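Student: I would like to learn how to read ring pairs in a model. Please take me through some cases.

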Amino acid sequence: MAYITTNPYTNEVVARFADLDDAQLEALVTQAADTFETWSRTSFAERRAIMKKAASLLREQADQYAALLTLEMGKLAREAQGEVRLSADILDYYADNAERFLAPVPLTEAQTETMRPMIVSDPIGVLLAVEPWNFPYYQLARVAGPQLMAGNTVVVKHSSIVPQCAAAFDRLFRDAGAPDGAYTNLFATRDQLNRLIEDPRIAAVCLTGGERSGGSVASRAGKSLKKTTLELGGADAFIVLDDADLDKTVKWAVWGRLNNGGQCCVASKRFIVAESIADAFIAKFKEALDKLVAGDPRDPATTLPPMSSQGAADELNEQVRQAVAHGARPLYCGAEVPKQGAFVRATILTDVARDNPAYFQEFFGLVAMVFRVGSDEEAIALANDSEFGLGGSVFTRDEKRGVAVARQVRTGMVFINHPTWTAPELPFGGIKKSGYGRELSGMGIDEFVNKKLINVVDIDAP
């Protein structure tokens, strides 16, 4: 039995959920495929009403939805509330904008007296989404919002450690009036998932997760000639130029590393700081992290929550141990963390040489690497010396200088004077080993529709 709720604050097993057997899985996939035939022909107005209702239910029942986030992966209560609101915003955004995004587009430059071509956007079928635990609702909303509004149906294989969140989002759409099979959670096994990717009823696959799982899913889908999008890991550079407002920059450095307990693909992870201000930055950064309070994520006073699982905490601690063994200098921040629960002490690593394995790793938790650079060019080169390319940020008082640096950082997203973050209207995605494709904004809804040419030609045309 793979789907288990374990409270990471206490490491107590709270609930277990049975895997689907093959017959149950077959019935659900058949239902999703059958529902596509009718759902794809419903009007935008009908889809919009359901999506708006789902968003309203999220807001009305925010306390219940947020409590599951805190229970299953240890998210701070206030951040859990924020994730619920963000998920509702995404559903509303696509309810309000999908029809405009997918409206037929006349190819005016190709029109003649005898030919009137246009591009229409058709849904393609059942979409399989494979999603992670770190943002259990947001990850689902940014698939369900655009793809249900586009007329596709969605089946989801969610992370095994957030089964109650997965089931809650399934109920959300049923409660909002969606037909059975429009959105379906699957407590599927790994073997079932592999077969599902190859199932001809599945039109395309999207995945948010790690590099290894991304490569496996993309390879299997590719053999079946199915489109995929992948949002994988990141090692975002947080570049601090020598003219940055240091106090405000450190405030954002803490937020960029601390948000979601540091368990965020676009968290700030590699702090690349101009040599002239590096000592001051490190001192202020450590001073701020020293104030973190570890404890119950339900407690408003807690600022350092447990990690999502004891396994994740053990893995992060081992990464730090290996980094130090290879020459990194650790600065441990704040008091010792509780022995019970999946806690990891916030840590700053300096003197991380390029031959240290940590140099190229993603630290998915409250560990920050700080590097010193002597010029903007050196900062850019270091930022680009990574296998990942998801997000990044540049801090400077000079907007023109910041944009010039950002243009040379090879990632999918760069923010000036703010850590990389997300909003419904902003495209989200990366390059290199951070994956490909985009979610959110108009770009996100375009990923899984058929951009079909219709050309109306005069029958008497030559």
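Tutor: This is a predicted model. Start with two rings, Phe238 and Phe395, which are both buried.

Student: How is a pair of aromatic rings described?

Tutor: A pair is described by how far apart the ring centres are and by the angle of the planes. Here there are 23 aromatic pairs. One of them joins Tyr9 and Phe343 in an edge-to-face arrangement, with 6.2 Å centre to centre and 80° between the planes. That pair links distant parts of the chain, 334 residues apart: Tyr9 is in the loop between strands S1 and S2, and Phe343 is in the loop between S12 and S13.

Student: Is Phe343 buried or exposed?

Tutor: Phe343 has a relative accessible area of 5%, so it counts as buried. Tyr9 is at 26% and therefore counts as partly exposed. Now compare Phe238 and Phe395, which are stacked, with 4.3 Å centre to centre and 25° between the planes. Phe238 is in strand S10 and Phe395 in strand S16, 157 residues apart.

Student: Where do S10 and S16 sit in the sheet order?

Tutor: The open sheet has 7 strands with mixed pairing, in the order S12-S13-S14-S11-S10-S16-S17. Its edge strands are S12 and S17, each pairing on one side only.

Student: Which helix lies across S10 and S16?

Tutor: Helix H9, residues 246–258, lies across S10, S11, S14 and S16, and runs at about 155° to S11. Helix H11 also packs on the sheet, touching S12, S13 and S14.

Terms used
Residues numbered from 1 in each chain as written. Predicted model: local features only at pLDDT ≥ 70, side-chain atom pairs only at ≥ 80, totals over all residues. Heavy atoms only, no water. Pairing = 2+ DSSP bridges. Helix = DSSP H or I, 4+ residues; strand = E, 2+ residues; numbered from the N terminus. Contact = heavy atoms within 4.5 Å. Axes fitted to C-alpha atoms, helices over the stretch in contact; angles between N-to-C directions. Phe/Tyr/Trp six-rings, centres within 6.5 Å; stacked < 30°, edge-to-face > 60°. Buried < 20%, exposed > 50% of the residue type's maximum accessible area, 1.4 Å probe, protein only.
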